[in-house]
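Morning, everyone. Please have a look at the model on the screen, and then I'll walk you through a few parts of it.

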Amino acid sequence: MHKSFASSPAIHESYNDAKAQNFYSTRVYGSFNQSYYIRFLEEIGIIKKGNEMQSRWVIGFTERPILQTWASSKYLLYKGNARHLHAFGYDSLTQTGDIKIFRNRYFLPLGFGYDTYITAEDFKRLSPLNKDLLLLRAFVVDDKDIQNLQGFKRFDIRDTLSNYDFPDYFRFAESRKADTLSLTLFSQNRIKGAISVDSTKMLFLSIPYDKGWHATLDGKEVKPLICNIGFIGIPLTPGSHD
């Protein structure tokens, strides 16, 4: 969930509403924020590389609605004129006081599949808007890991030269819903689910990569990969998986 405002009455705007009010968000303050999350935010252009202040006061995806869709953000609490939100696929649910509550019609679940990749070097060459849209079409992989991607297609960077519009954004988001993880258990440190794919896919989880995470695929331990610069990926063969 995202909020366009902070609840704290303090002179400095709070970045930790999610911690205080018990919801998940991408905005956070931390003296030592998760390093792979910071790495992703740097590469996507949300914070400047080497800016220590921005690495602590992390604005997250508050100003990038396409990334909110990509990172499983389902709800938005908003104050002010919200007419522009409908264009991004937000449906009005209700209002309490001066707070409007919206649901993202195109949000993606915690885990979904890709069959196409783009190299990190090609990804760096894109504009911020094209980076956001590209993440709905292909996963980003370091050049050194390409040799481990048998069965995946490589994205043609020339396909990013088009002038995209909202229908393209909606179509890209919907295409990612073809292969999604159905959760059977979700807690702070343990997640279980099932997924069926009809071809080789990369299961992407919108959880920052960390060596502390362990993964099992169909009962066998596998090593999670660094996917999309700083998140978790697990390669899948065709079929049903737990």
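Which residue in S17 does Phe-204 stand opposite? Gly-233.

Before I go on, two notes on the source. This is a predicted model: local features need pLDDT of at least 70, side-chain atom pairs count only at pLDDT 80 or more, and totals for chains, interfaces and linings use all residues. Residues are numbered from 1 along each chain as its sequence is written, and side-chain values use heavy atoms, with hydrogens and water left out.

Back to the strands. Strand S13 (residues 201-208) and strand S17 (residues 231-236) run antiparallel, joined by 6 bridges. Strands here are DSSP runs of E, at least two residues, and helices are runs of H or I, at least four residues, both numbered from the N terminus. Two strands pair if DSSP finds at least two bridges between them.

S13 and S17 belong to an open sheet of 4 strands. The order is S7-S13-S17-S16, and the pairing is antiparallel. At the edges sit strand S7 (111-114) and strand S16 (225-227), each pairing on one side only. From one strand to the next, the twist averages 40°. That angle is taken between N-to-C directions, from 0 to 180 degrees, with axes as lines fitted to C-alpha atoms.

Next, a hairpin. S5 and S6 form it, with 2 residues between them. Gly-97 in the turn has a positive phi of about 60°. Strand S5 (residues 90-96) pairs with strand S6 (residues 99-104) in the antiparallel sense, over 6 bridges. Asp-91 has Arg-103 in S6 as its bridge partner.

Now the core. A nonpolar core is a set of buried Ala, Val, Leu, Ile, Met, Phe, Trp, Tyr and Cys residues joined through side-chain atoms within 4.5 Å. Buried means under 20% relative accessible area, exposed over 50%, partly exposed in between (1.4 Å probe, protein chains only). The largest nonpolar core has 51 residues. Phe-61 and Trp-70 are among those with the most contacts inside it. Helix H2 (residues 35-44) gives the most to this core, with 5 residues. A second, separate core has 13 residues, including Leu-217 and Ile-232.

Last, Arg-27. Where is it? In the loop between helix H1 (17-21) and strand S2 (28-29). Arg-27 is buried, because its relative accessible area is 13%. Its side chain makes a polar contact with the side chain of Glu-13, at 2.9 Å. A polar contact is a pair of N or O atoms within 3.5 Å; within protein, one must be able to donate a hydrogen and the other to accept it, and residues adjacent in sequence count only if both atoms are side-chain atoms.
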